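Colleague: I am new to reading protein models, and I would like to go through one slowly with you. Could you show me how to look at each kind of feature?

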Amino acid sequence: MSENKTAVDALVDQMLDQNPRQREPREHERFRGDYPIVVRGLENCFGEQKVHEDLSLEVNRGEILGVVGGSGTGKSVLMRSIIGLQTPSAGDIEVFGRSITDARPDEEIGVRNRWGVLFQGGALFSTLTVGENVEVPLRQFYPEMSTRMREEIARYKVILSGLPEEACSKFPSELSGGMRKRAGLARALALDPELLFLDEPTAGLDPIGAAAFDRLTRELKETLGLTVFLITHDLDTLYEICDRVAVLADRQVIAVGTIPELLETDHPWIDEYFNGPRGRAAQASQARAGG
Ligand SMILES: Nc1ncnc2c1ncn2[C@@H]1O[C@H](COP(=O)(O)OP(=O)(O)OP(=O)(O)O)[C@@H](O)[C@H]1O
Ligand SMILES: [Mg+2]
């Protein structure tokens, strides 16, 4: 046991030598405000097409916020705006109390390494193994970290995401769709984020795989204290794990609240979505499960 402890101590010492910034106890770095994400008056245009107009949203710390809306309503564009990959034509976005919209893309704002992203479709590097994929953000943000430590952390994240250890040496093309999602999740968790963005994480998974992924998301949120921005079309996911749901329509977030609160609103899209055949089935299954 004591040998293990020494090895761990050595690793931590090495980490601190290489990244003096990390001498700050993690506790003090963590965001303590109420809203890790605040969006105000957001506008996004592509040529003539206005995707968002005066869109506002606050995400509560520690919640899983489900984000729903018809295809093409701008859910992914909203996520890309929040993580600074899409420059809005108007509006302000703050993440952890820092403005994303005022910063230049290359500017050090000290928050880019505090979130993890699972892009729609996975977006894994096909020429890298799963383990190497997870190492990418580590290499990017901690260039001096030793290869051995990077590999160790990557291996741990792969296991944390529910994949067998052997998956580390596999290429994305050798994995099933569900495993690729988990590999993407492992990469999103590489930097111990406080904030996790998931774009359609259960799309294309079989119902059992989707439910397992949902449980994993919930467990990670609870054990790691994450805030999760979860774009989904999956009604079961909304009922099972989301604390609140934000609805995108008409270029804005037209409603945000718990599902019972949303059912109180009388917007036709919300009504159709939750009270249509699929919405009712998800509701019934939730009631059967006693949730
Ligand atoms: N880079 C881009 N250039 C031009 N138009 C874009 C770009 N990215 C998104 N759009 C347009 O913005 C709109 C919103 O796209 P977005 O990908 O956010 O939709 P979404 O709500 O995520 O849909 P889905 O549920 O199908 O994933 C779409 O009409 C899309 O064509
Ligand atoms: Mg999308």
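This is a predicted model: local features need pLDDT of at least 70, side-chain atom pairs count only at pLDDT 80 or more; totals for chains, interfaces and linings use all residues.

Colleague: How many helices and strands does the protein have, and what share of its residues is buried?

Modeller: The secondary structure consists of eleven helices and ten strands. Of the 291 residues in the protein, 36% are buried. Another overall figure concerns the contacts with a separation of 6 or more, of which 66% are between residues 24 or more positions apart.

Colleague: How should I read the packing of two helices?

Modeller: When two helices pack together, they are described by the angle between their axes and by the distance between those axes. Take helix H4, residues 130-141, and helix H6, residues 177-188, which pack at an angle of about 30° with their axes 8 Å apart. Angles under 35 degrees count as roughly parallel, and H4 is therefore roughly parallel to H6. The crossing of these two helices, H4 and H6, is right-handed.

Colleague: Which residues make the contact between H4 and H6?

Modeller: On the side of H4 they are Val130, Asn133, Val134, Val136 and Pro137, and on the side of H6 they are Ala183, Ala186 and Arg187. Sorted by class, this contact of H4 with H6 has six nonpolar residues, one polar and one charged.

Colleague: At what angle do the axes of H4 and H5 cross?

Modeller: The axes of H4 and helix H5, the latter covering residues 147-160, cross at roughly 120° and come within 9 Å. Because of that angle, H4 is oblique to H5. The crossing of H4 and H5 is right-handed. Here H4 contributes Val130, Gly131, Val134, Glu135, Leu138 and Arg139, while H5 contributes Arg150, Glu151, Ile153, Ala154, Arg155, Lys157 and Val158. By class, the contact of H4 with H5 has six nonpolar, one polar and six charged residues.

Colleague: Where is Glu261, and is Glu261 buried or exposed?

Modeller: Glu261 belongs to helix H9, residues 259-264. Because Glu261 has 12 other C-beta atoms within 10 Å, Glu261 is exposed. From C-alpha to C-alpha, Glu261 and Arg244 are 9.1 Å apart in space, and in sequence they are 17 residues apart.

Colleague: What can you tell me about Ser99 in strand E5?

Modeller: Strand E5, residues 98-99, is where Ser99 is found, and Ser99 counts as partly exposed because 13 C-beta neighbours lie inside 10 Å. Not counting residues up to four places away in sequence, Ser99 touches Asp92 and Glu94. The C-alpha atoms of Ser99 and Val39, which are 60 residues apart along the chain, are separated by 9.9 Å.

Colleague: What about backbone angles, and what is the phi of Asp54?

Modeller: Asp54 has a positive phi of about 50°, although Asp54 is not a glycine. Asp54 sits in strand E2, residues 49-59, and with 12 other C-beta atoms within 10 Å, Asp54 is exposed. Asp192, which is not a glycine, has a positive phi of about 50°. Asp192 is placed in the loop between H6 and strand E7 (195-199), and Asp192 counts as partly exposed, with 13 C-beta neighbours inside 10 Å.

Colleague: Finally, which residues surround ligand 1?

Modeller: Ligand 1 is surrounded by Phe46, Val51, Gly69, Ser71, Gly72, Thr73, Gly74, Lys75, Ser76, Val77 and Gln120. Helix H3, residues 75-82, gives the most to this shell around ligand 1, with three residues. By class, the residues of the shell divide into three nonpolar, seven polar and one charged.

Technical notes:
Residues are numbered from 1 along each chain as its sequence is written. Chains are lettered from A and ligands numbered from 1 in the order in which they are written. A residue is near a molecule or strand if its C-beta atom, placed from the backbone, lies within 6 Å of it. Helices (H or I, at least four residues) and strands (E, at least two) are DSSP runs, numbered from the N terminus. Ala, Val, Leu, Ile, Met, Phe, Trp, Tyr, Cys and Pro count as nonpolar, Asp, Glu, Lys and Arg as charged, and the others, Gly among them, as polar. Axes are lines fitted to C-alpha atoms, for helices over the stretch in contact, and angles run from 0 to 180 degrees between N-to-C directions. Angles under 35 degrees count as roughly parallel, over 145 as roughly antiparallel, 65 to 115 as roughly perpendicular and the rest as oblique. A crossing is left-handed if the near helix is turned anticlockwise from the far one by less than a right angle, and right-handed if clockwise. Two residues are in contact if their C-beta atoms, placed from the backbone, lie within 7 Å. A residue is buried if 20 or more other C-beta atoms lie within 10 Å of its own, exposed if 12 or fewer, and partly exposed in between; C-beta atoms are placed from the backbone.
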